[in-house]
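Colleague: I would like to learn how to read a model like this one. Could you walk me through it, feature by feature?

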Amino acid sequence: MPSPATPSESPIQPELPPARPTDAPAPAEPVPAVAATAPRVMHPVAVGPWINPANLDTRITWYDVFGNDNPVVVDLGAGDGGFATQMAVKHPEKNFLAVERLLGRARKIARAAEHGHIPNLKVLRLEAGFTVHYLFPAESLETLYLLFPDPWPKRRHWGRRIVQSPFMQHVAAALKVGGIFRFRSDHEDYFQHAVGVLEKEAAYVRLKDEELWPLPQTDFEQEFAKEGRRFYDAAWRRVKLAAH
Ligand SMILES: C[S@@+](CC[C@H](N)C(=O)[O-])C[C@H]1O[C@@H](n2cnc3c(N)ncnc32)[C@H](O)[C@@H]1O
C-alpha cells in the first residue's frame, strides 16, 4: 500500500517560487495585454466641409481630407470664399482648401460647400502661416493663391504682412516642383514688397505677365472693382534647386 504523500509531494500543493532576497530589485510590473491590442480611436480629420484642426496631430494627409489623390489647390486668407467656391465648382477634378482665420467667414465658406454640394471644397479655420509651416506636407500642392491679403499700409505694421522670406520658404516647401504661387493685390506698395521678397528666393521663377491665366473675381476684388481700383497680379513657379 503506498505511503500517504508528504506535504511537499501533495499534488494539490502549488510549487512556490524561490524566496527573493530582500535586496534584489522587484520584477517589472507585467504590461497588461490590453495596452498592446486596444484599437486607436481615430477622429476624422474632415467632417463635411470642415477640417478639424483638433484632429490633426501631424501634417495633413490630403487623401484623408478629400478621399482622393487629385491635385490640391489652396486659397490662403479666403475671406467669404467666393473665389474658392467658384474654382471648386469649375474644377471638380481638383481639390480646394480655403484657409481663413475668421470664424464668420469660414462658416460662410462651409455653408457654400454644403448647400452647393461641393465635395472638393474644404475649409480650415486656422492661421495661415502656421498652417503652411506645420500642416502642409512637403511638395504636395499644385497651386497656392494669396489674393488680396491684408496690406498693412502703415510702415510700422509692415512686419505683419504675411509675405516675408520665411513664409515664402515654407510655401516653397509645400508646393510641388512646378507648382504655382499666385499673388494679387490692390495695394501697389505691398505688391512691390512681395516681388522684392520673392526675387530673393531661389526656389521661385516669376512667370511672364502674358502667362497669367484669368481667374474668377474674389469677394474683395468685386468691391474694389466698383471703386475703380487698379489690381497688381503676379505668379511664380516653384523650381527644383540645384544640389549643392
Ligand atoms: C482682405 S481679405 C481678402 C479675402 C479674399 N482673399 C478676397 O479677396 O475676397 C483678407 C482675408 O485674409 C484673412 N486673414 C488675414 N490674415 C490671416 C492669417 N494670418 N491667417 C488666416 N487668414 C488670414 C482675413 O481674415 C481676411 O478674411
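Predicted model: local features only at pLDDT ≥ 70, side-chain atom pairs only at ≥ 80, totals over all residues.

Colleague: Let's begin inside. Which residues of the largest nonpolar core touch the most other members?

Modeller: The general idea is that in soluble globular proteins, nonpolar side chains tend to be buried together. Here the largest nonpolar core has 48 residues, and Val74, Ala84, Ala98, Ile109 and Leu144 touch the most other members. Take Val74 as an example: leaving aside its neighbours within four places in sequence, Val74 is in contact with Leu97, Val99, Leu141, Leu144 and Tyr145.

Colleague: And helix α3: what do its buried residues pack against?

Modeller: Helix α3 spans residues 82–90, and its buried residues are Gly82, Phe83, Ala84, Thr85, Met87 and Ala88. They pack against the strands β3, β4, β5 and β6, and also against α4 and α8.

Colleague: Now the strands. How many bridges join β6 to β7?

Modeller: Six bridges join them, and the two strands run parallel.

Colleague: On β9, is the pairing with β7 parallel or antiparallel?

Modeller: Antiparallel, with six bridges joining β7 to β9 (residues 232–238). There, Phe183 has Ala234 as its bridge partner.

Colleague: Let's turn to the ligand. Which residues come nearest?

Modeller: Of the 20 residues around the ligand, Gly77, Gly79, Ala128, Thr218 and Phe220 come nearest. By class, the shell has nine nonpolar, four polar and seven charged residues. Helices α5 (128–135) and α8 (219–226) each supply at least two shell residues, and the largest share, three residues, comes from α8.

Colleague: Finally, the backbone angles. Where does His117 lie, and why does His117 count as exposed?

Modeller: His117 lies in the loop between α4 and β5. Its phi is near 50 degrees, a positive value in a residue other than glycine. His117 counts as exposed because it has 7 C-beta neighbours inside 10 Å, and the cut-off for exposed is 12 or fewer.

Colleague: What about Trp152: what is its phi?

Modeller: Phi of Trp152 is near 45 degrees, again a positive value in a residue other than glycine. Trp152 sits in the loop between β6 and α6. With 17 other C-beta atoms within 10 Å, Trp152 is partly exposed.

Terms used
Residues numbered from 1 in each chain as written. Core = buried A, V, L, I, M, F, W, Y, C linked by C-beta atoms within 7 Å. Buried ≥ 20, exposed ≤ 12 C-beta atoms within 10 Å, placed from the backbone. Contact = placed C-beta atoms within 7 Å. Near = placed C-beta within 6 Å. Helix = DSSP H or I, 4+ residues; strand = E, 2+ residues; numbered from the N terminus. Nonpolar A, V, L, I, M, F, W, Y, C, P; charged D, E, K, R; others polar. Pairing = 2+ DSSP bridges.
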